[in-house]
Amino acid sequence: MINGSECRCGFRTISIRPSCPICGKMMVQKEFPDEGRVLSYTRLQVPPEGFNVPLDLAMIELQEGPKLVCWTESELEIGQMVEVYLDQNMFKCKPLS
Ligand SMILES: [Zn+2]
């Protein structure tokens, strides 16, 4: 599960926020399923030092709405279902098997 926040107005985010950036109301903490869909991705031609090649950045939409950017060392396709996980404080994703 991925910790985030949800507002009554429908805004959802994977960060823990006390108030909603859309409507200003109090947000409640919520756990989101760690499965989502690939919206888009891009390959970094010159990855940061210490990272393996190939290295892609993917925009993932979790099943219950929030979107996040993940690192991945997997080959992805648009629309593919992936598992999102934390690795050394970074979100990463890999195809669901
Ligand atoms: Zn709101």
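In this predicted model, strands β7 and β8 (residues 90–95) run antiparallel and are joined by 6 bridges. They belong to a chain that holds 8 strands and 0 helices, so that reading from the N terminus gives the order β-β-β-β-β-β-β-β. The chain is divided into two domains, with domain 1 covering 1–32 and domain 2 covering 33–97.

**Overall dimensions and contacts**

- Along its principal axes, the C-alpha trace of the chain spans about 45 × 30 × 20 Å.
- The chain has 97 residues, of which 20% are buried.
- When contacts between residues at least 6 apart in sequence are considered, 36% of them join residues that are at least 24 apart.

**The β7–β8 hairpin**

- Strands β7 and β8 form a hairpin that leaves 2 residues between them, and Gln-88, which lies in the turn, has a positive phi of about 50°.
- Within this pairing, Tyr-85 stands opposite Lys-92, a residue of β8.

**The sheet of β1, β2 and β3**

- An open sheet is formed by 3 strands in the order β2-β1-β3, and the pairing in it is antiparallel.
- The edges of this sheet are taken by β2 and β3 (28–32), each of which has a single partner strand, so one side of each is left without a neighbour in the sheet.
- Between β1 and β3 the antiparallel pairing extends over 5 bridges, and one of the residue pairs involved is Ser-5 with its bridge partner Gln-29 in β3.

- The C-alpha centres of domain 1 and domain 2 lie 22 Å apart, and the contact between the domains takes 7 residues from domain 1 and 8 residues from domain 2.
- On the side of domain 1 that touches domain 2, the elements giving two or more residues are β1 (2–6) and β2 (12–13).
- Sorted by class, that side of domain 1 has 4 nonpolar, 2 polar and 1 charged residues.

**The largest nonpolar core**

- The largest nonpolar core has 10 residues, among them Phe-32, Val-38, Tyr-41, Ala-58, Cys-70 and Cys-93.
- At least two residues of this core are supplied by each of β4, β5 (56–62) and β7 (81–87), and the largest share, 3 residues, comes from β5.
- Tyr-41, a member of this core, touches Asp-56, Leu-57, Ala-58, Met-59 and Leu-76 when residues up to four places away in sequence are not counted.

**Ser-40, an exposed residue in β4**

- Ser-40 is placed in strand β4, which covers residues 35–43.
- Ser-40 counts as exposed because it has 11 C-beta neighbours inside 10 Å, while the cut-off for an exposed residue is 12 or fewer.
- Leaving aside residues up to four places away in sequence, Ser-40 touches Met-59 and Ile-78.
- Ser-40 and Pro-95 are separated by 55 residues in sequence, and their C-alpha atoms are 14 Å apart in space.

Definitions and conventions: Residues are numbered from 1 along each chain as its sequence is written. This is a predicted model: local features need pLDDT of at least 70, side-chain atom pairs count only at pLDDT 80 or more; totals for chains, interfaces and linings use all residues. Domain bounds come from an automatic or database domain assignment. Two residues are in contact if their C-beta atoms, placed from the backbone, lie within 7 Å. Helices (H or I, at least four residues) and strands (E, at least two) are DSSP runs, numbered from the N terminus. Ala, Val, Leu, Ile, Met, Phe, Trp, Tyr, Cys and Pro count as nonpolar, Asp, Glu, Lys and Arg as charged, and the others, Gly among them, as polar. A nonpolar core is a set of buried Ala, Val, Leu, Ile, Met, Phe, Trp, Tyr and Cys residues joined through C-beta atoms within 7 Å. Two strands pair if DSSP finds at least two bridges between them.
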